[in-house]
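Take a look at the chain below before reading on.

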Amino acid sequence: MSGEQSKLSKTALIGLVVGSMIGGGAFNIISDMGSNAGGLAIIIGWIITAVGMISLAFVFQNLTNKRPDLDGGIYSYARAGFGDFVGFSSAWGYWFAAFLGNVAYATLLMSAVGNFFPIFKGGNTLPSIIVASILLWGVHFLILRGVETATLINSIVTVAKLIPIFLAIVCMIVAFNFDTFMAGFAGMKGNIALPINFSNIMEQVRGTMLITVWVFTGIEGAVVFSGRAKTKKDVGTATVLGLLIVLVIYFLLTVLAQGVIEQNQISELSSPSMAALLAHIVGPWGSVVTNIGLIISVLGAWLGWTLLAGELPFIVAKDKMFPKWFAKQNKNGAPVNSLLITNILVQLFLISMLFTDSAYQFAFSLASSAILIPYAFSAFYQFKYTLQYDRKSNLQMAIGIIASIYAVWLIYAAGVDYLLLTMLLYVPGLFVYWIVQRNKGIKFITRDYILMGFIVIFAILGLIRLFSGAVSVF
């Protein structure tokens with residue numbers, strides 16, 4: 001990468017944010033959220049999500065403006081605020097979340113293709129894994145041609161995949177029935193509307209939270225590429241605008257669906273639920289259009305997330321927090337070694353999907369859970385930075401507090417079991433961190449040992465619960 005012309009524009013950054021967030025989840029979010037939540041819980045869930053995610057977007061915007069020297073986004077905020085080990089752990093967790101997201105996208109993509117060719121049904125058959133692997137390495141070699149080329153293609157794909165989504169929204173507005181919406185407003189059991197019970201509603205809301213994390217993962221996409229942006233201010237603007245666009249789309253999809261089909265029937269919609277719902281409104285052609293849109297969408301999100309997954313280890317290695325081998329670029333400015341090891345790991349996880357029937361669910365749940373801790377430390381750093389250097393700014397203080405509370409709420413809503421299992425992903429990172437620090441001649445401090453101890457203990461607890469059958473993820 002060289003010269004201003006090779007830098008990313010604001011439009012490219014917005015496309016990266018929107019493209020990363022709108023993946024396969026958008027096409028199944030109707031049933032993901034509506035299966036166990038009525039209209040009221042969904043609206044409350046989106047209000048909480050809007051407040052929380054907008055506060056996170058403003059966290060990224062503010063920190064990008066205040067600390068333009070920090071090019072690694074999530075990773076560098078955690079490191080600047082809480083030291084090397086926390087920074088490394090945030091980078092490690094984010095990296096795992098990114099490439100596990102690609103595993104989920106690969107599975108969902110082949111499942112969508114399976115709607116046209118039954119040999120790929122389910123997304124985790126042998127033919128599915130073979131084709132997904134070919135696509136994986138196709139994306140790999142595309143990015144090797146240059147990050148800027150890949151982001152341009154991502155922007156084009158982002159526009160293409162929005163077309164069937166907007167079609168679905170328009171059709172749902174036309175077909176919306178207020179009586180149907182109100183019948184399932186508080187959730188339904190059978191055909192009888194439940195009375196509005198606060199604890200029941202909040203339990204429904206809690207059930208939507210991990211789903212909202214998954215569909216909004218990618219909000220930090222522009223921040224990760226801040227070092228390649230034409231101007232740093234474009235990064236914050238792209239993050240906020242991208243989030244608002246996606247938030248409106250998701251809100252309309254999930255709320256309008258409650259007025260098109262009875263809430264107790266939403267769980268019965270075939271996957272992807274947007275295709276089934278559109279077929280319910282306009283006939284079979286609606287399903288065909290939606291499935292084509294899903295394939296385009298997942299390909300785009302896969303490209304966007306491969307960019308993110310390959311970029312972060314490269315940035316961290318440049319800061320000498322990952323092995324220096326990851327910091328190598330090719331003549332096109334692509335992070336060649338970082339991308340290689342990332343896609344090898346994706347390939348291994350793809351092969352493992354042959355042995356589980358709930359491949360997509362497992363991959364996206366672990367990916368969502370893994371990214372919660374990096375999100376939390378970004379919010380914590382916003383609060384800490386404001387407290388230290390910008391205490392007079394009540395707005396920035398409020399943003400830091402709200403984003404921190406939201407991040408902690410997400411960890412709670414995700415559930416203890418997935419948090420414990422996520423710690424298993426962090427354990428290999430302890431060895432990498434030890435090697436990196438040893439090579440730099442840096443000794444661990446007491447806080448590092450304490451944090452490592454917690455990770456190991458939680459990972460052991462996760463294994464115990466997994467093997468005892470107390471938690472099942474497959």
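What follows is a short report on this predicted model.

## Overall make-up

This is a predicted model. Its secondary structure comes to 19 helices and 2 strands. The protein has 474 residues, and 58% of them are buried.

Sequence separation in the contacts is worth a look. Take the contacts between residues at least 6 apart in sequence: 82% of them join residues at least 24 apart. The exposed surface comes to about 18600 Å². Carbon and sulfur atoms supply 68% of that area.

## Aromatic pairs

A pair of aromatic rings is described by two values, the distance of the centres and the angle of the planes. The structure holds 27 aromatic pairs. One of them joins phenylalanine 88 and tryptophan 92. Their ring centres are 5.8 Å apart and their planes meet at 25 degrees. Planes under 30 degrees apart count as stacked, so this pair is stacked. Both residues belong to helix H5, which covers residues 84–113. They are 4 residues apart there, so about one helical turn separates them. Phenylalanine 88 is buried, at 1% relative accessible area. Tryptophan 92 is buried too, at 7%.

Tryptophan 325 and phenylalanine 326 form an edge-to-face pair. The distance is 5.6 Å centre to centre, with 85 degrees between the planes. Phenylalanine 326 is buried, with 9%.

## A charge over a ring

Phenylalanine 82 has a lysine over its face. The residue is lysine 384, at 5.1 Å from the ring centre.

## The second largest pocket

The second largest pocket holds about 320 Å³ of space. It is lined by 14 residues. Closest to the pocket centre are Ile373, Phe377, Met423, Leu451 and Ile455.

Which elements give two or more residues to this lining? They are H5, helix H16 (359–389), helix H18 (416–439) and helix H19 (446–467). H19 gives the most, with 5 residues.

## The cavity

The count comes to 1 cavity of 30 Å³ or more. The largest cavity has about 30 Å³ of space. Its lining consists of Phe88, Ser89, Trp92, Tyr426, Gly429, Leu430 and Ile455. H5 and H18 each supply at least two of the lining residues.

Helix H2 runs over residues 25–34 and is mostly covered. Of its 10 residues, 9 are buried. The buried ones are Gly25, Ala26, Phe27, Asn28, Ile29, Ile30, Ser31, Met33 and Gly34.

Aspartate 32 also sits in helix H2. Is aspartate 32 buried or partly exposed? Its relative accessibility is 24%. Buried means under 20%, so aspartate 32 counts as partly exposed. Aspartate 32 and serine 267 are 235 residues apart along the chain. Their C-alpha atoms are separated by 8.0 Å.

## Asparagine 102

Asparagine 102 lies in helix H5. This residue is buried, with a relative accessible area of 0%.

What does asparagine 102 touch, leaving out residues up to four places away in sequence? The list is Trp302, Trp305, Thr306, Ala309 and Val346.

## Lysine 320

Lysine 320 is placed in the loop between helix H14 (284–318) and helix H15 (336–352). Its phi is positive, about 65 degrees, although lysine 320 is not a glycine. What is the accessibility of lysine 320? The relative value is 58%. Exposed means over 50%, so lysine 320 counts as exposed.

Notes
Residues numbered from 1 in each chain as written. Predicted model: local features only at pLDDT ≥ 70, side-chain atom pairs only at ≥ 80, totals over all residues. Heavy atoms only, no water. Phe/Tyr/Trp six-rings, centres within 6.5 Å; stacked < 30°, edge-to-face > 60°. Buried < 20%, exposed > 50% of the residue type's maximum accessible area, 1.4 Å probe, protein only. Lys NZ or Arg CZ within 6 Å of the ring centre and 35° of its normal. Contact = heavy atoms within 4.5 Å. Areas by Shrake-Rupley, 256 points an atom, 1.4 Å probe, with all protein chains shown as cover. 1 Å grid on protein atoms, 1.4 Å probe; cavity = no way out; pocket = protein on both sides within 12 Å on 5 of 7 lines; lining within 4 Å. Points joined across faces, edges and corners; volume = space filled by probe spheres on them.
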